[in-house]
Amino acid sequence: MKLRGLAFAALMALGAAGAAGSAQAQTMSYAQAAGLLAQHCGEDIMKLCRGQNLGNGAIYNCLSQNVGRLSPACAANHEGIRQMTEARAAAQREVHKVCDRDRAQYCPGMVPGDGNIVSCLLEASKVVSQACTSALINAGYNQQ
Amino acid sequence: MKFQMRSALLLSAALLAPVLLAAPASAQVATSNAQIVQGLQASVADVPNVSAEALRGLAVAHMKYTGPPESRPPLAIQLDQLAQINVEIEFDLNSAMIKPSSYRTLGSVADAMHNPILLGYKFLVVGNTDTTGTREINLKLSQERADAVMQALATTFRVDPRRLQAVGLGEENLQDVKNPHAAINRRVQIFNLGSTGVLTP
(Lines give C-alpha, C1' and ligand atoms only; values in the text may rest on other atoms or scores of the structure.)
Protein backbone atom coordinates (compact mmCIF):
# COMPACT_ATOMS: atom_id res chain seq x y z
CA MET A 1 0.00 0.00 0.00
CA LYS A 2 0.84 3.62 -0.45
CA LEU A 3 1.35 4.26 3.23
CA ARG A 4 3.97 1.60 3.60
CA GLY A 5 5.99 2.90 0.69
CA LEU A 6 5.88 6.43 2.02
CA ALA A 7 6.72 5.42 5.55
CA PHE A 8 9.76 3.55 4.35
CA ALA A 9 10.79 6.41 2.12
CA ALA A 10 10.65 8.69 5.13
CA LEU A 11 12.72 6.25 7.18
CA MET A 12 15.30 5.96 4.44
CA ALA A 13 15.57 9.71 4.35
CA LEU A 14 16.07 9.70 8.11
CA GLY A 15 18.82 7.15 7.71
CA ALA A 16 20.57 9.51 5.34
CA ALA A 17 21.32 11.63 8.44
CA GLY A 18 20.03 14.97 7.36
CA ALA A 19 22.29 15.17 4.33
CA ALA A 20 20.01 17.50 2.48
CA GLY A 21 18.87 19.50 5.50
CA SER A 22 15.40 19.89 4.08
CA ALA A 23 12.91 22.00 5.98
CA GLN A 24 10.31 19.22 5.77
CA ALA A 25 10.21 16.85 8.73
CA GLN A 26 11.13 13.26 7.93
CA THR A 27 8.99 12.10 10.83
CA MET A 28 5.35 12.58 11.72
CA SER A 29 3.72 13.68 14.93
CA TYR A 30 2.54 11.15 17.51
CA ALA A 31 -1.01 12.33 16.82
CA GLN A 32 -0.72 11.54 13.14
CA ALA A 33 0.84 8.12 13.70
CA ALA A 34 -1.75 7.23 16.34
CA GLY A 35 -4.53 8.47 14.07
CA LEU A 36 -3.27 6.28 11.25
CA LEU A 37 -3.16 3.27 13.55
CA ALA A 38 -6.79 3.85 14.50
CA GLN A 39 -7.75 4.38 10.88
CA HIS A 40 -6.12 1.26 9.52
CA CYS A 41 -6.30 -1.08 12.52
CA GLY A 42 -9.12 0.28 14.71
CA GLU A 43 -11.55 -2.50 13.87
CA ASP A 44 -8.86 -5.17 14.13
CA ILE A 45 -7.94 -3.88 17.57
CA MET A 46 -11.55 -3.93 18.79
CA LYS A 47 -11.93 -7.46 17.44
CA LEU A 48 -8.58 -9.09 18.24
CA CYS A 49 -7.13 -7.00 21.07
CA ARG A 50 -10.20 -6.09 23.11
CA GLY A 51 -9.27 -5.00 26.61
CA GLN A 52 -5.66 -4.21 25.74
CA ASN A 53 -4.04 -0.81 25.67
CA LEU A 54 -1.67 1.24 23.62
CA GLY A 55 0.89 1.47 26.43
CA ASN A 56 3.75 -0.99 26.95
CA GLY A 57 3.57 -2.22 23.37
CA ALA A 58 0.49 -4.33 24.13
CA ILE A 59 -1.45 -3.37 21.00
CA TYR A 60 1.59 -3.71 18.79
CA ASN A 61 2.31 -7.17 20.24
CA CYS A 62 -1.30 -8.22 19.84
CA LEU A 63 -1.37 -7.16 16.18
CA SER A 64 1.95 -8.89 15.53
CA GLN A 65 0.74 -12.11 17.12
CA ASN A 66 -2.44 -12.05 15.05
CA VAL A 67 -0.77 -11.15 11.80
CA GLY A 68 -2.62 -13.81 9.83
CA ARG A 69 -6.00 -12.53 10.98
CA LEU A 70 -5.53 -8.82 10.29
CA SER A 71 -7.50 -6.85 7.74
CA PRO A 72 -5.43 -6.11 4.61
CA ALA A 73 -5.13 -2.41 5.47
CA CYS A 74 -3.93 -3.13 9.00
CA ALA A 75 -1.57 -5.89 7.89
CA ALA A 76 -0.02 -3.58 5.31
CA ASN A 77 0.40 -0.59 7.59
CA HIS A 78 0.73 -1.37 11.27
CA GLU A 79 4.46 -2.07 11.14
CA GLY A 80 5.16 1.11 9.19
CA ILE A 81 3.08 3.17 11.60
CA ARG A 82 4.99 1.71 14.52
CA GLN A 83 8.24 2.65 12.82
CA MET A 84 7.06 6.22 12.33
CA THR A 85 6.28 6.48 16.05
CA GLU A 86 9.71 5.08 16.86
CA ALA A 87 11.33 7.47 14.37
CA ARG A 88 9.82 10.47 16.15
CA ALA A 89 10.92 9.11 19.53
CA ALA A 90 14.45 8.47 18.20
CA ALA A 91 14.59 11.98 16.75
CA GLN A 92 13.63 13.44 20.13
CA ARG A 93 16.33 11.38 21.86
CA GLU A 94 18.93 12.44 19.29
CA VAL A 95 18.46 16.19 19.51
CA HIS A 96 20.77 16.81 22.43
CA LYS A 97 23.54 14.72 20.92
CA VAL A 98 23.29 16.19 17.43
CA CYS A 99 22.95 19.73 18.76
CA ASP A 100 25.57 19.54 21.50
CA ARG A 101 28.13 21.69 19.71
CA ASP A 102 25.48 24.27 18.84
CA ARG A 103 24.34 24.30 22.44
CA ALA A 104 27.88 24.97 23.66
CA GLN A 105 28.28 27.76 21.14
CA TYR A 106 24.91 29.48 21.21
CA CYS A 107 23.41 28.54 24.57
CA PRO A 108 26.39 28.56 26.97
CA GLY A 109 25.58 28.14 30.65
CA MET A 110 21.97 27.18 29.95
CA VAL A 111 20.60 24.79 32.58
CA PRO A 112 19.62 21.52 30.87
CA GLY A 113 16.59 19.34 31.36
CA ASP A 114 13.61 21.66 31.24
CA GLY A 115 13.21 22.62 27.60
CA ASN A 116 15.47 25.68 27.96
CA ILE A 117 18.05 24.31 25.59
CA VAL A 118 15.57 23.34 22.90
CA SER A 119 13.96 26.78 23.15
CA CYS A 120 17.37 28.46 22.98
CA LEU A 121 18.35 26.42 19.90
CA LEU A 122 15.08 27.32 18.22
CA GLU A 123 15.65 30.99 18.95
CA ALA A 124 19.10 30.67 17.43
CA SER A 125 17.68 28.89 14.38
CA LYS A 126 19.34 31.28 11.93
CA VAL A 127 22.81 30.29 13.06
CA VAL A 128 22.60 26.68 14.29
CA SER A 129 24.07 23.94 12.11
CA GLN A 130 22.14 22.20 9.38
CA ALA A 131 22.34 18.89 11.25
CA CYS A 132 20.93 20.42 14.42
CA THR A 133 18.19 22.17 12.47
CA SER A 134 17.18 18.86 10.88
CA ALA A 135 17.23 17.15 14.26
CA LEU A 136 14.94 19.83 15.75
CA ILE A 137 12.55 19.51 12.83
CA ASN A 138 12.44 15.71 12.97
CA ALA A 139 11.79 15.87 16.71
CA GLY A 140 8.80 18.10 15.97
CA TYR A 141 10.25 20.85 18.15
CA ASN A 142 9.91 23.59 15.58
CA GLN A 143 6.11 23.53 15.53
CA GLN A 144 5.04 25.96 18.18
CA MET B 1 -6.43 32.07 34.26
CA LYS B 2 -8.06 28.85 33.30
CA PHE B 3 -8.35 27.61 29.76
CA GLN B 4 -10.67 24.72 29.23
CA MET B 5 -10.74 23.13 25.87
CA ARG B 6 -13.76 21.15 24.95
CA SER B 7 -12.66 18.00 23.30
CA ALA B 8 -15.15 18.33 20.48
CA LEU B 9 -12.72 20.79 18.98
CA LEU B 10 -9.93 18.30 19.21
CA LEU B 11 -11.89 15.47 17.74
CA SER B 12 -13.24 17.49 14.85
CA ALA B 13 -9.72 18.65 14.09
CA ALA B 14 -8.60 15.04 14.19
CA LEU B 15 -11.30 13.94 11.79
CA LEU B 16 -10.51 16.69 9.33
CA ALA B 17 -6.79 16.18 9.39
CA PRO B 18 -5.46 14.74 6.17
CA VAL B 19 -3.72 11.40 6.50
CA LEU B 20 -1.13 11.98 3.83
CA LEU B 21 2.27 11.05 5.12
CA ALA B 22 3.90 13.40 2.70
CA ALA B 23 2.54 16.44 4.52
CA PRO B 24 3.18 15.88 8.22
CA ALA B 25 2.70 19.50 9.24
CA SER B 26 -0.96 19.93 8.43
CA ALA B 27 -2.73 23.05 9.59
CA GLN B 28 -5.45 21.23 11.54
CA VAL B 29 -2.99 19.26 13.60
CA ALA B 30 -0.91 22.30 14.40
CA THR B 31 -4.03 24.13 15.52
CA SER B 32 -5.26 21.45 17.87
CA ASN B 33 -1.77 20.95 19.27
CA ALA B 34 -1.46 24.67 19.75
CA GLN B 35 -4.73 24.65 21.69
CA ILE B 36 -3.56 21.88 23.97
CA VAL B 37 -0.23 23.58 24.52
CA GLN B 38 -1.97 26.86 25.28
CA GLY B 39 -4.36 25.19 27.69
CA LEU B 40 -1.56 23.47 29.55
CA GLN B 41 0.80 26.40 29.85
CA ALA B 42 1.50 27.20 33.47
CA SER B 43 -0.59 30.19 34.41
CA VAL B 44 0.24 30.71 38.05
CA ALA B 45 3.63 31.43 39.51
CA ASP B 46 2.97 29.46 42.67
CA VAL B 47 1.50 26.13 41.72
CA PRO B 48 -0.31 24.68 44.74
CA ASN B 49 1.24 21.47 45.94
CA VAL B 50 -1.05 18.85 44.48
CA SER B 51 -0.26 15.16 44.22
CA ALA B 52 -2.08 12.12 42.91
CA GLU B 53 -1.75 10.49 46.30
CA ALA B 54 -3.28 13.39 48.22
CA LEU B 55 -6.18 13.59 45.76
CA ARG B 56 -6.79 9.87 46.08
CA GLY B 57 -7.10 10.32 49.83
CA LEU B 58 -9.57 13.17 49.39
CA ALA B 59 -11.68 11.11 46.96
CA VAL B 60 -11.83 8.17 49.36
CA ALA B 61 -12.73 10.47 52.27
CA HIS B 62 -15.44 12.06 50.13
CA MET B 63 -17.25 8.74 49.87
CA LYS B 64 -18.55 9.19 53.40
CA TYR B 65 -21.11 11.64 52.00
CA THR B 66 -23.74 9.10 51.09
CA GLY B 67 -26.56 11.38 49.96
CA PRO B 68 -27.50 12.09 46.34
CA PRO B 69 -24.78 13.81 44.30
CA GLU B 70 -26.32 17.27 44.67
CA SER B 71 -26.16 17.05 48.45
CA ARG B 72 -22.48 16.15 48.64
CA PRO B 73 -20.03 18.97 49.32
CA PRO B 74 -17.58 19.69 46.51
CA LEU B 75 -14.27 17.91 46.70
CA ALA B 76 -12.00 20.45 48.37
CA ILE B 77 -9.18 20.45 45.90
CA GLN B 78 -7.05 23.24 44.53
CA LEU B 79 -7.15 22.10 40.94
CA ASP B 80 -9.07 25.11 39.62
CA GLN B 81 -6.02 27.32 39.78
CA LEU B 82 -3.96 24.98 37.62
CA ALA B 83 -3.58 25.21 33.85
CA GLN B 84 -5.74 22.41 32.57
CA ILE B 85 -7.62 20.83 29.71
CA ASN B 86 -10.46 18.36 29.43
CA VAL B 87 -9.87 15.66 26.88
CA GLU B 88 -12.44 13.25 25.58
CA ILE B 89 -10.93 9.81 25.74
CA GLU B 90 -13.36 7.03 24.94
CA PHE B 91 -13.00 3.81 26.90
CA ASP B 92 -14.57 0.45 26.28
CA LEU B 93 -17.58 -0.19 28.51
CA ASN B 94 -16.61 -1.00 32.11
CA SER B 95 -13.02 -1.31 30.99
CA ALA B 96 -9.78 0.65 31.05
CA MET B 97 -9.26 -0.05 27.36
CA ILE B 98 -8.81 3.18 25.41
CA LYS B 99 -10.79 2.89 22.19
CA PRO B 100 -8.80 3.31 18.97
CA SER B 101 -11.04 6.28 18.11
CA SER B 102 -9.21 8.17 20.87
CA TYR B 103 -5.64 7.24 19.89
CA ARG B 104 -5.18 10.40 17.91
CA THR B 105 -6.32 12.57 20.80
CA LEU B 106 -3.86 10.80 23.05
CA GLY B 107 -1.10 11.37 20.49
CA SER B 108 -1.99 15.08 20.44
CA VAL B 109 -1.62 15.26 24.21
CA ALA B 110 1.78 13.55 23.89
CA ASP B 111 2.85 15.99 21.16
CA ALA B 112 1.90 18.87 23.44
CA MET B 113 3.90 17.42 26.33
CA HIS B 114 6.91 17.21 23.99
CA ASN B 115 6.46 20.80 22.85
CA PRO B 116 9.45 22.90 24.00
CA ILE B 117 7.09 25.26 25.80
CA LEU B 118 5.89 22.41 28.01
CA LEU B 119 9.02 20.25 28.21
CA GLY B 120 9.93 21.63 31.62
CA TYR B 121 6.63 20.76 33.30
CA LYS B 122 5.02 17.78 34.97
CA PHE B 123 1.41 16.76 34.56
CA LEU B 124 -1.40 15.08 36.42
CA VAL B 125 -3.84 12.83 34.56
CA VAL B 126 -7.21 12.71 36.34
CA GLY B 127 -9.91 10.18 35.48
CA ASN B 128 -13.57 10.81 36.32
CA THR B 129 -16.75 8.79 35.88
CA ASP B 130 -20.44 9.67 36.02
CA THR B 131 -22.64 8.16 38.73
CA THR B 132 -23.62 4.98 36.89
CA GLY B 133 -22.55 1.96 38.95
CA THR B 134 -21.23 1.86 42.48
CA ARG B 135 -18.91 4.50 43.85
CA GLU B 136 -16.28 1.94 44.78
CA ILE B 137 -16.16 0.47 41.28
CA ASN B 138 -16.15 3.96 39.76
CA LEU B 139 -13.18 4.93 41.89
CA LYS B 140 -11.27 1.82 40.86
CA LEU B 141 -12.21 2.06 37.19
CA SER B 142 -11.27 5.73 36.94
CA GLN B 143 -7.87 4.98 38.50
CA GLU B 144 -7.28 2.19 35.97
CA ARG B 145 -8.29 4.50 33.14
CA ALA B 146 -6.06 7.33 34.31
CA ASP B 147 -3.23 4.80 34.63
CA ALA B 148 -3.88 3.53 31.08
CA VAL B 149 -3.60 7.07 29.71
CA MET B 150 -0.41 7.70 31.70
CA GLN B 151 1.09 4.38 30.57
CA ALA B 152 0.45 5.15 26.91
CA LEU B 153 2.01 8.61 27.28
CA ALA B 154 5.02 7.26 29.14
CA THR B 155 5.76 4.24 26.95
CA THR B 156 4.36 4.49 23.42
CA PHE B 157 4.78 8.26 23.29
CA ARG B 158 7.93 8.55 25.43
CA VAL B 159 6.90 11.26 27.86
CA ASP B 160 9.39 10.96 30.74
CA PRO B 161 7.47 9.04 33.45
CA ARG B 162 8.95 11.36 36.07
CA ARG B 163 6.78 14.08 34.53
CA LEU B 164 3.53 12.14 35.00
CA GLN B 165 1.13 11.21 37.79
CA ALA B 166 -2.32 9.68 37.52
CA VAL B 167 -5.33 9.58 39.81
CA GLY B 168 -8.90 8.38 39.47
CA LEU B 169 -11.52 10.40 41.35
CA GLY B 170 -14.44 8.13 40.46
CA GLU B 171 -17.68 10.06 40.69
CA GLU B 172 -16.42 12.22 43.58
CA ASN B 173 -15.66 15.31 41.50
CA LEU B 174 -18.61 15.65 39.13
CA GLN B 175 -18.48 18.58 36.76
CA ASP B 176 -22.25 18.65 36.31
CA VAL B 177 -23.70 17.78 39.71
CA LYS B 178 -27.27 18.50 38.64
CA ASN B 179 -27.03 15.93 35.85
CA PRO B 180 -24.90 13.21 37.42
CA HIS B 181 -25.22 10.95 34.36
CA ALA B 182 -24.17 13.66 31.91
CA ALA B 183 -21.38 12.78 29.47
CA ILE B 184 -19.31 15.75 30.64
CA ASN B 185 -18.77 13.95 33.93
CA ARG B 186 -16.99 11.09 32.16
CA ARG B 187 -13.86 13.02 31.41
CA VAL B 188 -10.12 12.85 31.55
CA GLN B 189 -8.49 16.03 32.76
CA ILE B 190 -4.87 16.98 32.44
CA PHE B 191 -3.32 19.50 34.81
CA ASN B 192 0.01 21.26 34.72
CA LEU B 193 1.68 20.59 38.09
CA GLY B 194 4.52 23.04 37.62
CA SER B 195 8.20 22.78 36.89
CA THR B 196 9.98 19.43 36.90
CA GLY B 197 13.21 20.98 38.04
CA VAL B 198 16.30 19.47 36.44
CA LEU B 199 15.79 15.89 35.30
CA THR B 200 18.97 14.00 34.54
CA PRO B 201 18.65 12.07 31.28
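## Helix 5 of chain B and its surroundings

In this predicted model, helix 5 of chain B (residues 135–154) comprises 20 residues and spans 28 Å from its first C-alpha to its last, close to the 28 Å expected at 1.5 Å a residue. The buried residues of helix 5 of chain B include B:Asn138, B:Leu139, B:Ser142, B:Gln143, B:Arg145 and B:Ala146. Further along helix 5 of chain B, B:Ala148, B:Val149, B:Met150, B:Gln151, B:Ala152 and B:Leu153 are buried as well. An α-helix has 3.6 residues a turn, so residues three or four places apart point the same way.

Against which elements do the buried residues of helix 5 of chain B pack? Their partners in chain B are helix 3 (52–62), helix 4 (103–113), strand 2 (121–127), strand 3 (164–168) and strand 4 (188–195). Helix 5 of chain B lies across strand 2, strand 3 and strand 4 of chain B, and runs at about 160° to strand 3 of chain B.

## The chain and its sheet

Chain B contains 5 helices and 4 strands, which follow one another along the sequence in the pattern α-α-α-β-α-β-α-β-β. Of the 201 residues of chain B, 46% count as buried. Among contacts in chain B between residues at least 6 apart in sequence, 75% join residues at least 24 apart.

In chain B, 4 strands form an open sheet with the order 1-4-2-3 and mixed pairing. Strand 1 (84–87) and strand 3 of chain B are the edge strands, each pairing on one side only. Neighbouring strands of this sheet are turned by 20° against each other on average, direction ignored.

Strand 2 and strand 3 of chain B run parallel and are joined by 5 bridges. B:Leu124 has B:Gln165 in strand 3 of chain B as its bridge partner, and B:Val125 stands opposite B:Ala166 in strand 3 of chain B.

Is strand 3 of chain B mostly covered or mostly uncovered? Strand 3 of chain B is mostly covered, with 5 of its 5 residues buried. B:Leu164, B:Ala166 and B:Gly168 are buried on one side of this strand, and B:Gln165 and B:Val167 are buried on the other.

## The largest nonpolar core

In soluble globular proteins, nonpolar side chains tend to be buried together. Here, the largest nonpolar core has 80 residues, and those touching the most other members are B:Ile98, B:Leu106, B:Val109, B:Phe123, B:Val125, B:Val149 and B:Leu153. Helix 2 (residues 30–48) of chain A gives the most to this core, with 9 residues. At least three residues of the core come from each of domain 1 (1–9 + 27–86) and domain 2 (99–144) of chain A.

Leaving aside its neighbours within four places in sequence, B:Phe123 is in contact with B:Met113, B:Arg163, B:Leu164, B:Ile190, B:Phe191, B:Asn192 and B:Leu193.

A:Asn56 counts as partly exposed because 15 other C-beta atoms lie within 10 Å. B:Arg158 is partly exposed because it has 19 C-beta neighbours inside 10 Å, whereas a buried residue needs 20 or more.

Methods
Residues are numbered from 1 along each chain as its sequence is written. Chains are lettered from A and ligands numbered from 1 in the order in which they are written. This is a predicted model: local features need pLDDT of at least 70, side-chain atom pairs count only at pLDDT 80 or more; totals for chains, interfaces and linings use all residues. A nonpolar core is a set of buried Ala, Val, Leu, Ile, Met, Phe, Trp, Tyr and Cys residues joined through C-beta atoms within 7 Å. A residue is buried if 20 or more other C-beta atoms lie within 10 Å of its own, exposed if 12 or fewer, and partly exposed in between; C-beta atoms are placed from the backbone. Helices (H or I, at least four residues) and strands (E, at least two) are DSSP runs, numbered from the N terminus. Domain bounds come from an automatic or database domain assignment. Two residues are in contact if their C-beta atoms, placed from the backbone, lie within 7 Å. The expected span of a helix is 1.5 Å times one less than its number of residues. Two strands pair if DSSP finds at least two bridges between them. Axes are lines fitted to C-alpha atoms, for helices over the stretch in contact, and angles run from 0 to 180 degrees between N-to-C directions.
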